[in-house]
Amino acid sequence: MRGAGGPGAPGPVGPGGPGGGGVNLFALRSHNAALVLDLLRAAGDEGISRLELAERTGLTPQAVSKITARLRDEGLAAEAGRRASTGGKPRTVLRLVPEAGHAVGVHLDRDEVRSVLVDLRGAVVGERRAALDLGAGAEAVLGAVRETVTWAPAAGTVGDGNASPLGPARPDPTLLGVGVALPGPLDHSRGVLHRVTGFPEWDGYPLREALAERLGMPVVVDKDTNAAALGLAAAGQGGSFAYLHLGTGLGAGLVIGGSVHRGARTGAGEFGHQVIQLDGPPCTCGNRGCVEALCLGAVERGDLREAARVLGAGAANLVGLLDIDVVLLGGRTVAAAPETFTDGVGAVLEAWAGRTGHDAVPVRVAAGGGGAVAVGAAELVLGPVFGRGGG
């Protein structure tokens, strides 16, 4: 992937910032190649012509020709036929070769690890799941992660046992890296965990460094909710939105203006630990009356309508603070009763809108189901390849 960006590659720096035009400087060829790759990805099997690439990136036709020639030489792009033009000879169109690169996404939950292998378009070509105890200690957890990511299933297989080692002894040349998503809080930029709610023993643990050494490949670490939000944005969810994940815990991934909002210290999105009931029930974070404690307490009692109402109260605070376009719900608890949660959260937001005079913010279940976090974790690796936010 030389010259095409990669994990840790610089983000777009051209005019207009992210998504802006290209820059015809040799030193920024990785940025320009990322712009071209992103358009090839979006074009799908239909493909896109070099002239269209030049028009949409702001690069000269000569620069586009050099970039696409290099991408073809590296196996990242291929011809997709010809398209009639308004004058002159038909234009050759190019497409992305999705199998030319892969990323692994890992969702480390409190009681399960799920890994997916995705191609350059973000399509899942393999998946594995295994039970996990996040409190079992670093060696046990790192071993479980390695067990689920050192595999290379054929396209279309899902955990069928036809796995082969991918570790340092047998590296896959198409594998760009591993993205790992888990409950926060954590320092995304350094890959260091903080006091993971319910598991304070992880405080200060350098997870990215430890996994990179264990796996022998680049690793990116982020919160589960941020990863899911990134994956949803990459899959086409537009505007500013909040992804609320209710499973073994409760958190939020925030996309503002098309970019994941991590905050100055990469600690944004600790949605579950906003206090909405002073002197309420104790929370594992040390506070009392947190949304997470109230919501999970209602779930444990089997009162999902109350859990949805509490979740709606927290969502209304978020909508009032950030003025977002849509609220997306995910996580295993939501998946077990999707209508209960969309109706319950939606009713609270409609009541809030009626009191404030605003239009009600829509609420719906996020696409991707139970694999949304793992797929988003893979996007932490793929994002920089296409000039998008990620690792």
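In strand S12, Ala 252 is the bridge partner of Leu 244, and that pairing is a handy way into this predicted model.

- S12 and strand S11 (residues 241-246) run antiparallel to each other, joined over 6 bridges.

**The cavities**

- How many cavities of 30 Å³ or more does a search of the whole structure find? There are 2.
- The largest cavity has a volume of about 170 Å³.
- Its lining comprises 19 residues, and the closest to the centre are Pro 183, Gly 184, Asp 224, Leu 250 and Gly 251.
- Which element gives the most to the lining of the largest cavity? It is S12, with 3 residues.
- By residue class, the lining of the largest cavity holds 10 polar, 6 charged and 3 nonpolar residues.

**Ring contacts**

- A search of the whole structure turns up 1 aromatic pair.
- That pair is Trp 202 and Tyr 205, with ring centres 5.2 Å apart; the planes stand at 80°, which is over the 60 degrees required, so the pair is edge-to-face.
- Trp 202 has a relative accessibility of 4%, and because that is under 20% the residue counts as buried.
- A charged side chain also meets a ring: Arg 41 lies over the face of Phe 386, at 4.5 Å from the ring centre.

**A buried lysine**

- Is Lys 223 buried or exposed? Its relative accessible area is 1%, so Lys 223 is buried.
- Lys 223 belongs to strand S10 (residues 219-223).
- Along the sequence, Lys 223 and Arg 262 are 39 residues apart, while their C-alpha atoms are 9.5 Å apart in space.

**Backbone spots to check**

- As background, most peptide bonds are trans, and most residues other than glycine have a negative phi.
- The peptide bond from Gly 184 to Pro 185 is cis, with omega near 5°.
- Pro 185 sits in the loop between strand S7 (175-182) and strand S8 (186-187), and Gly 184 is among the residues closest to the centre of the largest cavity.
- Asp 279 has a positive phi, near 60°, and is placed in the loop between S13 and helix H7 (291-300).
- Where does the accessibility of Asp 279 put it, buried or exposed? With a relative accessible area of 71%, which is over 50%, Asp 279 is exposed.
- Asp 323 also has a positive phi, near 55°, and lies in the loop between helix H8 (304-322) and strand S14 (326-330).
- Asp 323 is exposed too, with a relative accessible area of 63%.

Conventions
Residues are numbered from 1 along each chain as its sequence is written. This is a predicted model: local features need pLDDT of at least 70, side-chain atom pairs count only at pLDDT 80 or more; totals for chains, interfaces and linings use all residues. Side-chain values use heavy atoms; hydrogens and water are left out. On a 1 Å grid over the protein atoms alone, a cavity is a set of points where a 1.4 Å probe fits but cannot get out, and a pocket is an open set with protein on both sides within 12 Å along at least five of seven lines; lining residues have an atom within 4 Å of a point. Grid points are joined across faces, edges and corners, and a volume is the space filled by probe spheres set on the points. Helices (H or I, at least four residues) and strands (E, at least two) are DSSP runs, numbered from the N terminus. Ala, Val, Leu, Ile, Met, Phe, Trp, Tyr, Cys and Pro count as nonpolar, Asp, Glu, Lys and Arg as charged, and the others, Gly among them, as polar. Rings of Phe, Tyr and Trp (its six-membered ring) pair if their centres lie within 6.5 Å; planes under 30 degrees apart count as stacked, over 60 as edge-to-face and the rest as tilted. Buried means under 20% relative accessible area, exposed over 50%, partly exposed in between (1.4 Å probe, protein chains only). A charge sits over a ring if NZ of Lys or CZ of Arg is within 6 Å of the ring centre and within 35 degrees of the ring normal. Two strands pair if DSSP finds at least two bridges between them.
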